[in-house]
Amino acid sequence: MQNNPKILEQLEAWVEENKGHAILGTTAQYIPALGKVDPSQLGICMVDEDGNYYCAGDTDKEFTLQSISKVMTFIALCCHYGLEFVLERVDVEPTGEAFNSIIPFEIHRPNKPFNPFINAGAITVSALLPGRTSQKKYEYLASFLEELVGHPMELDREVYDSEWKSSHRNRALAYYLKEANFLEIEVEEALDIYIRQCSVKVSVKDLALIGLIIAYDGFNPITKVKHFSEEIAQVAKVLMVTCGMYNSSGNFAAHVGIPAKSGVSGGILAAVPPKLHSQTYEFRAGAGIGVYGPAIDVQGNSAAGTMMLRQISKEWDLSIF
Ligand code: DON
């Protein structure tokens, strides 16, 4: 697609229109370092298959990946061990419960966690990353991320420390996982790698690029590098549609219809697959989207970000359904 200045103008207008929806949420208070961030920010970046970036609003600030990291950890693990190995250890079923709920685990006593995007499944997946120590596991993930975005990604120490100190619920979940024999490593080690992956700093531009690679089934159409298989990308997109926005995934699918993953820092990663029969010209060949809006709703999704994606998807006919 040729660089089109009208797209940028349009995105700038939609950021302004949707900013006010931040009042429908608050910053994540349970992680003090996230709780103190300015909730009124809203930014978006979209990238197309030719590498044209369209960035509007608050796009220069970095924020932490939080749950968005769960997509990349899942993909990285599948690349190393194969999809079959991973799906033997974590399921692909939505729970309809909050991302950090203990209820599905306690009530159903499943033989593996329901999916890799709820915290129970994500801690299990992180602990399986190759390497004997959490440091080695983190290094594996960090180099996978670096290959994807083309530069090293740093850890936000303040967010890591803040979450480590306030992670009582995740610690409790990890003990349940340990008791069920889902964790081969110690609880503290599993929490360390999980919280590290959540504390990786990212920009909306990085998220947009990762979204584009997922939309293109593991292939980066800009650099022409193949990062992971179609098979892995397909399952990642299924998980993003069914579990990516937690217990509002159904609503998000109905109103936005784009495979996406949110994080409590207010980030959203979205992968728009090519749609050649689309009614509109914009992003017909697919796109990657990164959004940042730190005021999150009760389900843990960026309040203004979700509303903005709703508008963009409708206006540019981006829904996959
Ligand atoms: O484990 C937690 O609670 C956070 N580090 C991540 C949760 C999260 O981002 C859920 N997302 N919407």
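Let me begin with the overall layout of this predicted model, in which the centres of domain 1 and domain 2, taken over C-alpha atoms, are separated by 22 Å. Domain 1 is made of two stretches, 5-63 and 203-316, while domain 2 covers 66-198.

If we turn to where these domains meet, 33 residues of domain 1 are in contact with 27 residues of domain 2. On the side of domain 1 that touches domain 2, at least two residues each are supplied by helix H2 (32-35), helix H11 (204-215), helix H12 (230-243), strand E7 (260-262) and strand E8 (267-272). Of these elements, H12 gives the largest share, with 9 residues. Sorted by class, this side of domain 1 has 20 nonpolar, 10 polar and 3 charged residues.

Now to the ligand, and a question to go with it: from which domains does the shell around the ligand draw at least three residues? The shell takes at least three from each of domain 1 and domain 2. The residues around the ligand are Gln66, Ser67, Phe99, Asn100, Asn119, Glu163, Asn170, Cys198, Ser262, Gly263, Val264 and Gly300, and by class this shell divides into 3 nonpolar, 8 polar and 1 charged.

There is also a database record to set beside this. The UniProt entry, which is unreviewed, lists Ser67, Asn119, Glu163, Asn170, Tyr194, Tyr246 and Val264 under "binding site". I would like to look at two of the residues in that record, Asn170 and Val264, each of which is also among the residues around the ligand.

Asn170 lies in helix H9, which spans residues 168-179. Is Asn170 buried or exposed? Asn170 counts as buried, because it has 22 C-beta neighbours inside 10 Å, and the cut-off for that label is 20 or more.

Leaving out its neighbours within four places in sequence, Val264 is in contact with Ala28, Ile31, Leu34, Gln66, Ser67, Ile296 and Gly300.

How values were computed
Residues numbered from 1 in each chain as written. Predicted model: local features only at pLDDT ≥ 70, side-chain atom pairs only at ≥ 80, totals over all residues. Domains from an automatic or database assignment. Contact = placed C-beta atoms within 7 Å. Helix = DSSP H or I, 4+ residues; strand = E, 2+ residues; numbered from the N terminus. Nonpolar A, V, L, I, M, F, W, Y, C, P; charged D, E, K, R; others polar. UniProt positions renumbered as here; feature names shortened; annotations may be inferred. Buried ≥ 20, exposed ≤ 12 C-beta atoms within 10 Å, placed from the backbone. Near = placed C-beta within 6 Å.
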